[in-house]
Amino acid sequence: MREWLDRRDFIACASAALAARSARAAVRSPNVVFIYCDDLGYGDLGCYGSPLRTPNLDRMAREGMRFTHFYSANPVCSPSRAALMTGRYPTRAGVPRVLFPKDTVGLPDSEVTIAQALKGANYKTMCVGKWHLGHLPQYLPTNRGFDGYFGIPYSNDMVPRVLMHNTEVVEQTATLETLTPRYTEQAVKFIEGSKGSPFFLYMPHTYPHIPLGASARFRGKSKAGLYGDVIEEIDWSVGEVLAAIKKHGLDKDTLVMFSSDNGPWYQGSPGHLRGRKGMTWEGGVREPFIARMPGRIPAGKVSSGIGSMMDIFPTIARLCGAGEPKNPLDGIDIWPMLSGRSNEIEREALLYFDDVNLQCARWGRWKLHVSRYNNVTYSPAPAGGRVNFPLKQPELYDLLNDPEESYDVAPENPQVVAEIRSRIGRLMAGFPEPIRRAYTETSSRATGNHAIGAVTRPADR
């Protein structure tokens, strides 16, 4: 009798599991679109206080969620993209610095990208725009989980400025004025060709990285020169992508996200934040981030929860039923915040790296600066070269009350300083040996006046 009951229970469990699988199969896996700008400032969108006209992005924010504390994992291009693609610190993923056309390296094959994870879940995948994780065939998007690629493989100020389709060069010197329309055309074509199956569109725009280019339709139309024209054309592109999604009835099935790889370079606005691209002040790493998915993400919500570009991988993987890689992820699943179920998620301290050097950490409302270079970013290096020095007295900023990082409150909060330093020590112990060595070398250098030159205000570049 017991054996019969066990068998009956087994059959019941098996039937329930089959029914669950059938139910999951009947529910369409969500599409994912990630639109990623290059050097867009925190203050460059209308919904973030800019005078520039960005009606489509402003509408996307009204129909979805806008974050005010969302971070890149690095203040420059290649490392920030490595973090997005892998869900890991770029110093762990093997891309701590910007890659150039002369480089023969790229994102290591041992790292798993979002696209590779989604391919395992039967997604169609496409990359349109700037890749910047290696330009040799083995490092291109088509070898990292993407079915197709169209774009410039690195920054548009690097030469040769080739435009590629998959692995072939289709334009030896890409025409800057046509890039955004051509990217948009390719993105819309991919959406139209993938409407019968789940898809992942990664659209890393070339702009507003310098040199700038806008089509005749937008050139001279903004009130902020060519930079403004470029931003308004990117906004138009976002509108075209959203329209293509809606046209094919995919609105409720598609998660659309928009952000930037790092802060603004010589043009653009970091808002009221201190610093710019290439700096670990907030202006270099805090990014605009907007997410929209009608019916799944609440409309018109502004989140002050902390998010990181490294969170995109685990969030998408779990939402789409894709497996996570064996390599441990540094990001966390932020769907509870995106879905409105939670205002914030408790997380470990976020580390701010510049190249291999750990310079700051954020824990809750607090940000601690522990080291800094002996020159201002993009200024001539001093005699003896650019060196990362420890701060004689670490600087603590309350980012909720002081987002401009203007008032050091370390003397009043020694216990917070001690806690963050302890967390930094524990986290750094888990990084690859070269990164640990760089941290040790910085910590062992004599403090004093070496780093004073890097204490700058927002206008300094």
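Mentor: What follows is a set of questions about those labels, with answers that set values against definitions.

Mentor: This is a predicted model, in which local features need pLDDT of at least 70 and side-chain atom pairs count only at pLDDT 80 or more, while totals for chains, interfaces and linings use all residues. Residues are numbered from 1 along each chain as its sequence is written, and side-chain values use heavy atoms, with hydrogens and water left out.

Trainee: Why is N262 called buried?

Mentor: Buried means under 20% relative accessible area, whereas exposed means over 50% and partly exposed lies in between, with a 1.4 Å probe and protein chains only. N262 has a relative accessible area of 0%, and therefore it is buried. Its place is in the loop between β8 (254-260) and α8 (282-285), where helices (H or I, at least four residues) and strands (E, at least two) are DSSP runs numbered from the N terminus.

Trainee: What makes the pairing of the N262 and D39 side chains a polar contact?

Mentor: A polar contact is a pair of N or O atoms within 3.5 Å; within protein, one must be able to donate a hydrogen and the other to accept it, and residues adjacent in sequence count only if both atoms are side-chain atoms. The contact that joins N262 and D39 is 2.8 Å, so it falls within the 3.5 Å limit.

Trainee: How do you know that β13 and β14 pair?

Mentor: Two strands pair if DSSP finds at least two bridges between them. Strand β13 (residues 366-373) and β14 have seven bridges in the antiparallel sense, and Y373 stands opposite N388 in β14. These strands belong to an open sheet of four, ordered β11-β12-β13-β14.

Trainee: What makes β11 and β14 edge strands?

Mentor: Each of them, β11 (350-354) and β14 (388-398), pairs on one side only.

Trainee: How do you know that β4 pairs with β3 and with β5?

Mentor: Three bridges join strand β3 (residues 124-128) to β4 in parallel, and two bridges join β4 to strand β5 (residues 163-165) in the antiparallel sense. Within these pairings C127 stands opposite Y149, and G151 has M164 as its bridge partner.

Trainee: What makes both faces of β4 covered?

Mentor: In strand β4 (residues 148-151), G148 and F150 on one side and Y149 and G151 on the other are all buried.
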